Amino acid sequence: MEKIRTIQKKLRDLQEINDAYLKELKTVAKEVQKKHIQIVSFFTYSVNLNHQPDGENLIIGSYHITNLGFKPLHHPYICIKLNAEGQFDFSGKYFYEQTQQKMKLANAWLRFNEASDQQEFWLKPSKQQILYPQETLTFQNFQLKLVPNMSYSCSVKGFTYGDEVEEGMHAVNQISVSGKVEEEKGHE
């Protein structure tokens, strides 16, 4: 009987030690979570494709950055990268530092790479320098247009950067479209 009580006491002692360790691990996990930044970025978009000769293909999209963590993201900026066969024209609410415009578009972003680069668009919000927890920042309503003459293919990738994510983070999705224009049939 004495042996059973000794074993039971040891089991209770071990249970108390395990409970204390588990409580400590939960506390450490919460602290790590509070210090860790959790950013999610993604595209929303709509596509209008026209597979007729000289028909216009149009993609209207927005790029969203959501802070799901407990820590703010300072100085957020993005890169929208096009990989296009054929000529897609990218446009959106952005401006260049040297623009003399006194009235800038509402919600416009600053483009800070070369205007001649039509593959990468490096953009930062002109007014918002901090993305606080549970907030979303959006580069909205950009457009990609193409008037194809044969086949076409385009992918749009997004990357998010900031002081806390200097190496950058991929968007969780990308935009991909491709197609082939129907050939005109000769009239006889």
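This is a predicted model: local features need pLDDT of at least 70, side-chain atom pairs count only at pLDDT 80 or more; totals for chains, interfaces and linings use all residues.
Student: How many aromatic pairs does the structure hold?
Tutor: Rings of Phe, Tyr and Trp (its six-membered ring) pair if their centres lie within 6.5 Å; planes under 30 degrees apart are stacked, over 60 edge-to-face, and the rest tilted. There are 14 aromatic pairs in this structure. Take Phe43 and Phe142: their centres are 6.2 Å apart with 80° between the planes, an edge-to-face pair. That pair links distant parts of the chain, since Phe43 sits in strand E1 (residues 39-48) and Phe142 in strand E10 (residues 136-146), 99 residues apart. Both labels follow DSSP runs, numbered from the N terminus (helices, H or I, have at least four residues; strands, E, at least two). Phe43 is buried at 3% relative accessibility, and Phe142 is buried too, at 0%.

Student: Why is the pair of Tyr77 and Phe112 called edge-to-face?
Tutor: Their ring centres are 5.7 Å apart and the planes meet at 75°, so the pair gets that label. Tyr77 is in strand E4 (residues 77-85) and Phe112 in the loop between E7 and E8, so parts 35 residues apart in sequence are tied together. Tyr77, with 24% relative accessible area, is partly exposed.

Student: Which residues form one aromatic cluster?
Tutor: Phe43, Tyr63, Phe90, Tyr94, Tyr96, Trp109, Phe121, Phe139 and Phe142.

Student: Now polar contacts: what joins the side chains of Asn113 and Arg111?
Tutor: A polar contact means a pair of N or O atoms within 3.5 Å; within protein, one must be able to donate a hydrogen and the other to accept it, and residues adjacent in sequence count only if both atoms are side-chain atoms. Here, the side chains of Asn113 and Arg111 make one at 2.8 Å. Asn113 lies in the loop between strand E7 (109-111) and strand E8 (120-125), yet counts as buried at 15% relative accessibility. Setting aside residues up to four places away in sequence, Asn113 touches Tyr96, Glu120, Phe121 and Trp122, with contact meaning heavy atoms within 4.5 Å.

Student: And which side chain does Ser41 meet in a polar contact?
Tutor: That of Thr160, at 3.1 Å. Ser41 is in strand E1 and is buried at 2% relative accessibility. Beyond four places away in sequence, Ser41 touches residues including Tyr63, His64, Met169 and Val172.

Student: Last one, backbone angles: which value does phi of Gln134 take?
Tutor: Near 70°, a positive value in a residue other than glycine. Gln134 is found in the loop between strand E9 (130-131) and E10, and is exposed, with a relative accessible area of 56%. Asn141, also not a glycine, has a positive phi of about 60°. Asn141 is in strand E10 and is partly exposed at 43%.

Key
Residues are numbered from 1 along each chain as its sequence is written. Side-chain values use heavy atoms; hydrogens and water are left out. Buried means under 20% relative accessible area, exposed over 50%, partly exposed in between (1.4 Å probe, protein chains only).
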